[in-house]
Amino acid sequence: TATELHDLGLWLWMALCFLCPTVVHGGKVLVFPIDGSHWVNMKVIIEALHSRGHQVSVVRSSDSWYIKEKSLFYNSITLDSPSGFDESFITTFVARLLEIQREGKSFWTRCKLEIEQAEKTREMFEKTSEFVKMLLENKDLMQSIKNTNYDLVFTDPVAPVGAILANYLKLPLVFNARWTSHGEGHFDIAPSPISYIPLTGTQLSDQISFFERIQNVLMFGFLQYQIGWFVTPSIEEYFGPGTDYISLFQAADLWLMRVDFVFEFPRPTMPNVVYIGGFQCKPAKPLPEHLEEFVQSSGEHGVIIMSLGTFIAELPQDLADKVAAAFAKMPQKVIWRYKGAKPATLGNNTLLVDWMPQNDLLGHPKTKLFEALYHGVPIIGLPLIFDQPDNVHRLEVRGAGKVLDFFTMTEEIFFQGIQEVLNDPSYRMNMQRLSRLHRDAPMKRMDSALFWIEFVMRHKGAAHLRTESDRLPWYSYHSVDVMLFLAGITLLFFMTFAALVRCLCSRWVRAKIKCNFKKRHSFRIDSFRT
C-alpha cells in the first residue's frame, strides 16, 4: 500500500542518515590561550571544536606550563619568547601574595597587596609587549598565518595578544572570558553603574550601602590608574597614533562569558555576550579503582574534597598543619589535592593526591562538601588570591556556603566551620536550588558556545551584535553634550523670556509715568482755567 511504501522509504532514509557521516564545514581557528587554569577550561572547547571537524592552531610560548606542544586536538605554533605567565612567575607571585596577607588585616596590608599585584601586572605586561612585538615583526610567521586563511581568532582576553593580532589581521574575534587584561569583562562593553555593580576585590554584593559605594568608587579609581600606568602596552606603532587600547577589546564579535546569573549578580549586558558558565561540567564518570575504594570506605559519613585551585598546590607548613589537624577530627574521609610536604598532623582519614578527577568526585553521591554549583555540593570557602574572595562571597550571600579567613583561622574555627556546613541542611538545600536553576537551560552551555563560534565563522563576524557605544566619546556616551545643549536652549529661553518681561515691564512703567504726568499737567491746566 502507499502507506507501507511511505513507511519503508522513511526507514530507508533514516538508515541512510545513520550510516552516512555528518557533513561538517571545517573551519580554521587560531587560538591565543592563557596558561594555567584558564587553559584547562579553554582546552575543553578546543577539543569540542576538533570533534566537529574544525582545524585548530594554538599559539604558545616556549615556557608554556600547561599548554603542551604536541596534541591530538590542535597544531601548535611555538614562539621562542617568554609569555610572562609561566609556572615560575605564577609560583613566586602567589607565594608573595600569601606572605603579605599573613601580616594581618589592616589598611597598610591591603595597600601592600594592591601595590604588589599592580607591580606584577606591570612586569607581566612588559613581557606581553615583547611577545606581541616579536610576533608581529616575525614577517615569515605572520605571512604563514595570513596564508592559512583562518576564519577567526579565539582568545582569552586576560592577555591582549589575541585581541591585538585579530585586529591586526582583521579577523573576527571571539573571547573566552570573564576577565580581561584590565578588569572584569562587562566593564568594557556594557553599562556598568558602580552604584550597584561591585568591583572585583571589594567583596561586595549588589546591595551596597553608602559607605560601600564610597569603597566601590575608590576601587574603580585605583583600577583606572592601574590600566593607565601598568597595563596598557604600546600599540601605536602597529595601529597608528591615537589608537585606543580598550577599543581592541570592544571590537570583539563575541564574548563567551564563563558565568551565569545564578552565580553573577544581575547587571546590564549586550547581545554579543553569551553566558556559558559551567560549560566544562558534565555528568560524573566512574572513579579510578583506588579512589572508588577510598570513597566507599567512608561509609555513611561520606567524603570531603579539598582543593585550592590550579595555582595553589601547597601552603605554608603551619597553615597546612591546621587544616590537616581539623580534618583528622572528622568522621568523613578527605581527598586533598596537595603537593607540599606532608603535614605533621595528617590523619588516617585524609588522602593526599597530586591530581584528582574533580568533576567525577563532585558528582559522586558520597561527596558531602566542596565548591560545586553544577553538582549541588555546598562549600567551605578559603579564598586566597585573585578573584577567589569575590567568587566565594557570591555563594555565601546566597546561603550556599561559608567563607573563612585562612590567615586568622585556627584549627578549631576550621573544624567548627566544616561542622556547620555539614550539619545545617540549609547550605545543601540552597546549593541544590542554585544547581537546579543553573541546569535549567534551553540548551547545554557547551552546545551554545559551539553554535555561536560557528555562527561567527559562517557570517565572517557578528558586527550586527556589537553596540556603537564604544565609538562614542565619553561626553556623547553620557549625553553630556546633549544635556549642555538643552541646558543652553533652556537658559536662552528663560533669558529671552526675562528680557521680554523686562522690556514689557519697562514699557508699562514708562507708559504709567507718562500717564501720571499727563494727569498732573491736565489738573494744573484745569485749575488755571478755573
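Start by selecting Asp253 and Arg466. Their side chains form a salt bridge, with N and O 3.0 Å apart. The term means a side-chain nitrogen of Lys or Arg within 4 Å of a carboxyl oxygen of Asp or Glu. The two residues sit 213 residues apart: Asp253 in the loop between helix H10 (245–250) and E8, Arg466 in the loop between H17 and helix H18 (474–477). Helices (H or I, at least four residues) and strands (E, at least two) are DSSP runs, numbered from the N terminus.

Colour the pair by accessibility. Asp253 is buried at 6% relative accessible area. Arg466 is partly exposed at 22%. Buried means under 20% relative accessible area, exposed over 50%, and partly exposed in between (1.4 Å probe, protein chains only).

A word on the model: it is predicted, local features need pLDDT of at least 70, side-chain atom pairs count only at pLDDT 80 or more, and totals for chains, interfaces and linings use all residues. Residues are numbered from 1 along each chain as its sequence is written, and side-chain values use heavy atoms, with hydrogens and water left out.

Next, select Arg267 and Glu184. Here the salt bridge spans 3.6 Å, N to O. Arg267 lies in the loop between strand E8 (254–257) and strand E9 (273–275), and Glu184 in strand E7 (residues 183–184), so the contact ties together parts 83 residues apart in sequence. Arg267 is buried, at 13%. Glu184 is buried too, at 7%.

Now go to Glu454 and Arg52. Their closest N and O atoms are 2.8 Å apart, in another salt bridge. Glu454 belongs to helix H17 (residues 445–459), while Arg52 is in the loop between H2 and E2, 402 residues away. Glu454 is buried at 9%; Arg52 is partly exposed at 34%.

Finish at strand E1 (residues 28–32). Is it largely enclosed or open? Four of its five residues are buried, so the rest of the structure largely encloses E1. Strand E2 (residues 55–61) runs parallel to E1, joined by four bridges. Strands pair if DSSP finds at least two bridges between them. Select Val31: its bridge partner in E2 is Val58. Follow the chain from E1 through helix H2 (residues 37–51) to E2; this β-α-β crossover is right-handed. That means the path from the first strand over the helix to the second runs clockwise, with the strands pointing away from the viewer. Strand E4 (residues 152–155) is also parallel to E1, again with four bridges. There, Val31 stands opposite Phe154.
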